[in-house]
Amino acid sequence: MNDGLLPDRGLTPADQVFLRRHNLAMVLRDLRDAGPRSRARIAADTGLNKATVSSLVAELAELGLVRDGDVERVGGVGRPGQTVEIDGRVCGLGAEINVDYVAVLVLDLRGEQVLYERTPLDVPRLGVEKTLDELAAAIAAAAGRARELGHDIAGITVGIPGMVETAPGVLRHAPNVGWREVRVADELATRFGGPGIPIRVDNDANLSALAEYTMGASAGTPDLVYVTGETGVGGGVISDGVLLRGTEGYGGEIGHMPIGDPAHPCGCGKLGCWETSVGLAALLREVADPADSVTDPSVDLEVRLTEIRRRASLGDGRTLRGLQAVGTSLGLGAAILVNLFNPRVIALGGYFAVLGEFLLPAMEAELDKRVVAPARGGCRIELSALGFTAACRGGAHVALEAVLTDPASVTLSAADAAADAAAVRASGQNRGSTEPADPIPSQLPGGMA
Ligand SMILES: [Zn+2]
């Protein structure tokens with residue numbers, strides 16, 4: 001048994017640093033995936049020797065990533081061993097900018113949700129600067145609240161419904177919020193007083209697909225297409241366990257497949273995109289008149305969807321006909337995705353999940369008509385249980401993946417400093433006082449919390 005992948009002799013200092021980081025990551029992932037265990041079991045799992053494991057565990061503990069757990073007694077025989085477990089202190093923060101809200105979710109390294117907060121906001125009207133001020137304030141408040149609960153934020157990922165160049169964190173175009181060429185990562189870093197916490201930016205549906213793949217009802221399904229219905233219709237394609245991004249990273253813009261009614265203009269400036277037939281605006285157009293309260297954007301979306309569900313449950317003719325029309329259009333686009341990618345699962349998120357039971361009959365009938373492969377190529381439709389938290393969850397997951405990949409990169413003191421700076425700046429800019437930012441109201445949802 002040796003210390004890792006490379007032979008012990010002839011290593012340059014750079015090799016040794018690489019090897020140490022690789023081994024730290026291997027031990028941390030073992031604990032995350034397999035649960036608390038003794039150093040001896042970690043050694044058995046990873047192929048590292050026990051002395052190396054002890055030293056790696058000590059370093060991970062110093063980084064705040066693992067801690068001592070219970071005493072392990074395997075079948076009551078042999079010497080009991082002190083277990084090591086993931087320390088839930090380190091968290092990832094996922095944030096989302098959407099058409100009518102911003103949201104923040106904190107997830108700890110064990111995968112448990114620490115907090116989630118959604119703030120209704122008219123983002124297209126508010127514009128770039130003020131929306132980013134609001135988001136920075138929401139992130140700072142969440143970081144402050146998380147710290148009160150004993151957690152530290154190791155990274156931030158922001159999801160946006162648009163085309164994102166992920167490496168520099170630049171949004172190229174988000175049609176439904178009307179933004180172009182926004183350096184989101186830099187803008188937020190500036191609001192936090194300079195570089196500190198790593199900030200990443202990605203397309204919201206990509207993040208939602210990752211959340212579904214890692215934490216949803218279909219977790220671990222290697223061929224999965226996630227389709228979310230909001231103002232826009234986004235998608236993320238996981239093929240053989242990998243998120244397909246395309247050459248420039250702009251793949252997955254399924255809402256703009258030109259299969260909608262050519263009379264309807266899309267937010268992207270073209271006519272007849274799929275989302276003009278199945279996006280939230282299309283649903284509302286089908287089920288209600290413009291004066292109806294369910295079309296009022298100042299009312300929280302979940303409240304409006306609950307009302308539409310209620311009407312459908314009572315058998316309201318217009319509501320049911322509207323849902324059937326949307327379901328048929330949903331099936332048309334889904335059939336293209338199934339023919340292209342042969343997924344095991346199409347996971348429906350956003351409002352599609354909330355109203356799924358009323359959309360599915362028409363959608364599945366259309367799929368059966370259009371998919372070439374027998375029995376839809378083994379594809380089943382699932383309603384995502386992640387609700388409107390999916391993009392934030394995926395964002396928090398991405399931030400935590402960076403920690404799992406390179407545990408030594410965790411710089412919690414810098415994160416603390418940035419959170420402090422953000423809290424001070426946010427309270428000064430947006431709240432008109434020098435008081436520290438208020439903690440998030442105690443909306444600690446159940447579920448994973
Ligand atoms: Zn379009």
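Reader: What share of the 449 residues is buried?

Author: This is a predicted model: local features need pLDDT of at least 70, side-chain atom pairs count only at pLDDT 80 or more, and totals for chains, interfaces and linings use all residues. Residues are numbered from 1 along each chain as its sequence is written. A residue is buried if 20 or more other C-beta atoms, placed from the backbone, lie within 10 Å of its own, exposed if 12 or fewer, and partly exposed in between. Of the 449 residues in the protein, the buried share is 48%.

Reader: How many helices and strands does the protein have?

Author: Both are DSSP runs, numbered from the N terminus: helices are H or I with at least four residues, strands E with at least two. The secondary structure comes to 14 helices and 16 strands.

Reader: Which strands stand at the edges of the open sheet of 5 strands?

Author: Two strands pair if DSSP finds at least two bridges between them. This sheet has the order 6-5-4-7-11, with mixed pairing. One side of each edge strand is left without a neighbour in the sheet, because each has a single partner strand: these are strand 6 (113–120) and strand 11 (199–203).

Reader: Which residue stands opposite Cys-91 in strand 7?

Author: Strand 4 (residues 90–97) pairs with strand 7 (residues 152–160) in the parallel sense, over 7 bridges. In strand 7, the residue opposite Cys-91 is Ile-153.

Reader: What angle does helix 13 make with strand 4?

Author: Helix 13 (residues 390–405) packs on the sheet and touches strand 4, strand 5 (101–108), strand 6, strand 7 and strand 11. Contact means C-beta atoms, placed from the backbone, within 7 Å. Axes are lines fitted to C-alpha atoms, for helices over the stretch in contact, and angles run from 0 to 180 degrees between N-to-C directions. The direction of helix 13 makes with that of strand 4 an angle of about 140 degrees.

Reader: Which strands does helix 5 lie across?

Author: Helix 5 (residues 184–191) runs at about 145 degrees to strand 11. The strands that helix 5 lies across are strand 7 and strand 11.

Reader: Which residue of strand 13 is the bridge partner of Val-227?

Author: Strand 12 and strand 13 (residues 233–239) run antiparallel, joined by 6 bridges. A hairpin of 3 residues links strand 12 to strand 13. The bridge partner of Val-227 is Gly-235.

Reader: Which residue of strand 15 stands opposite Tyr-226?

Author: Strand 12 also pairs with strand 15 (residues 345–350), in the parallel sense over 6 bridges. Opposite Tyr-226 stands Ala-347.

Reader: Is Glu-212 buried or exposed?

Author: Glu-212 sits in helix 6 (residues 204–215). Beyond four places away in sequence, Glu-212 touches several residues, including Tyr-226 and Ala-347. Because 30 other C-beta atoms lie within 10 Å, Glu-212 is buried.

Reader: Are Glu-181 and Arg-376 buried or exposed?

Author: Phi of Glu-181 is near 50 degrees, and phi of Arg-376 is near 55 degrees. Glu-181 lies in strand 10 (residues 179–182), Arg-376 in the loop between helix 12 (356–370) and strand 16 (380–383). With 9 other C-beta atoms within 10 Å, Glu-181 is exposed. With 21 C-beta neighbours inside 10 Å, Arg-376 is buried.

Key
Two residues are in contact if their C-beta atoms, placed from the backbone, lie within 7 Å.
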